[in-house]
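Subject: Structure for you to look at

Hello,

Here is the structure I said I would pass on. Please open it next to this message and follow along; my notes come after it.

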Amino acid sequence: MNQTHLTQGWGSVVSWLHRMWEYKSYDWERVWFSSFDQLTSTLTPGFMLQGPWQSGQTNYPTEIKVEVLWGRAYLAFVSTGECGGDSIILRDNTVWRYTDSLMQNILHMGEPDSCYAWIAQEGHLPRVWFMAESAAKLMGTDAMRVDVFVQKGKPHSSVINENSLSSGAEYRWHFEYMAKIWAMGHQDKSYNVVDPGVDVHKWWRGEHYYSSKMALCN
């Protein structure tokens with residue numbers, strides 16, 4: 001819920017709350033929907049209030065979704081920001097914009113995106129790549145998406161917002177290669193099973209595995 005709901009009137013807020021309270025997840029377009037929907041169907045309805053990322057900000061952050069395969073960030077997908085979404089950032093710092101036109105939506109022929117070029121030009125990406133890769137390595141997962149908030153003009157203020165093990169983002173022609181990279185690791189068994197020594201639910205702010213094995217903090 002944001003301030004837009006409140007300015008539209010209390011009646012719309014109540015109506016929205018009723019709809020969300022009765023809503024049951026049905027992710028039919030995801031490969032895991034059958035088993036996952038069984039889990040979500042058992043949840044007791046509730047709500048969560050989340051504070052702003054940074055208080056006192058006059059503009060909202062830009063959210064970029066980073067796909068990490070075998071501990072290596074492959075690309076970033078711009079989800080929300082001043083210019084909308086559907087832009088892809090690659091490891092060579094190029095930013096590509098896609099629209100619903102035939103050439104771009106069907107043939108995946110994007111064009112350089114000048115609106116989000118600041119993400120690369122201001123130096124946000126090294127920190128974003130590191131944060132996403134560190135989170136994936138910490139979890140020891142083969143593939144995951146890590147969503148990061150970035151603030152224009154503040155390349156050192158980025159923070160992780162959330163993560164997903166099954167992304168619904170549109171990655172255009174990269175889908176094929178992302179799938180091949182993921183499958184290759186399993187086919188070649190080029191991975192190691194890591195025992196962090198502490199159950200994951202007992203980790204506290206990286207004092208155990210992350211800080212000592214990855215970030216090498218004292």
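**Overall picture**

The accessible surface of the protein comes to about 14,500 Å², and 57% of that belongs to carbon and sulfur atoms. Accessible areas come from the Shrake-Rupley method with a 1.4 Å probe, and for residues only the protein chains shown count as cover. This is a predicted model, in which local features need pLDDT of at least 70, side-chain atom pairs count only at pLDDT 80 or more, and totals for chains, interfaces and linings use all residues. Residues are numbered from 1 along each chain as its sequence is written, and side-chain values use heavy atoms, with hydrogens and water left out.

The protein has eight helices and seven strands. Helices (H or I, at least four residues) and strands (E, at least two) are DSSP runs, numbered from the N terminus. Of the 218 residues, 30% count as buried. Buried means under 20% relative accessible area, exposed means over 50%, and partly exposed is in between (1.4 Å probe, protein chains only).

**The sheet**

In what order do the seven strands lie in the open sheet? The order is S5-S4-S3-S2-S1-S6-S7, with antiparallel pairing. The edge strands are S5 (111-112) and S7 (154-164), each of which pairs on one side only. Two strands count as paired if DSSP finds at least two bridges between them. Strands of a sheet pair through backbone hydrogen bonds, either parallel or antiparallel.

S2 (residues 72-80) and S3 (residues 87-90) pair in the antiparallel sense over four bridges, and Ala76 stands opposite Ile89 in S3. Two helices pack on the sheet. Helix H6 (residues 125-139) touches S1, S2, S3, S6 (143-151) and S7, and its direction makes about 30° with that of S7. Helix H7 (residues 174-188) touches S1, S2, S3 and S6, and its direction makes about 140° with that of S2. Contact here means heavy atoms within 4.5 Å. The axes are lines fitted to C-alpha atoms, for helices over the stretch in contact, and angles run from 0 to 180 degrees between N-to-C directions.

**Strand S1**

Is S1 largely enclosed or open? Eight of its eight residues are buried, so S1 is largely enclosed by the rest of the structure. Thr62, Ile64, Val66 and Val68 point one way from S1, while Glu63, Lys65, Glu67 and Leu69 point the other way. S1 runs antiparallel to S6, joined by eight bridges, and Leu69 stands opposite Ala143 in S6. Seven bridges join S1 to S2, also antiparallel, with Glu63 opposite Thr80 in S2.

S1 and S2 form a hairpin with two residues between them. Trp70, in the turn, has a positive phi of about 55°, and Trp70 is a residue other than glycine. At 27% relative accessibility, Trp70 counts as partly exposed.

**Loops and surface**

Lys189 also has a positive phi, near 50°. Lys189 lies in the loop between H7 and helix H8 (209-214) and is exposed, at 59% relative accessibility.

Trp21, Phe47 and Leu49 make a nonpolar surface patch of about 440 Å². Like charges are joined within 9 Å, and nonpolar side chains (Val, Leu, Ile, Met, Phe, Trp, Tyr) within 5 Å. Phe47 is in the loop between helix H3 (33-40) and S1 (62-69), and Phe47 is exposed, with a relative accessible area of 68%.

Regards

Key. Patches are made of residues with over 30% relative accessible area and no salt bridge: like charges are joined within 9 Å, nonpolar side chains (Val, Leu, Ile, Met, Phe, Trp, Tyr) within 5 Å. A salt bridge is a side-chain nitrogen of Lys or Arg within 4 Å of a carboxyl oxygen of Asp or Glu.
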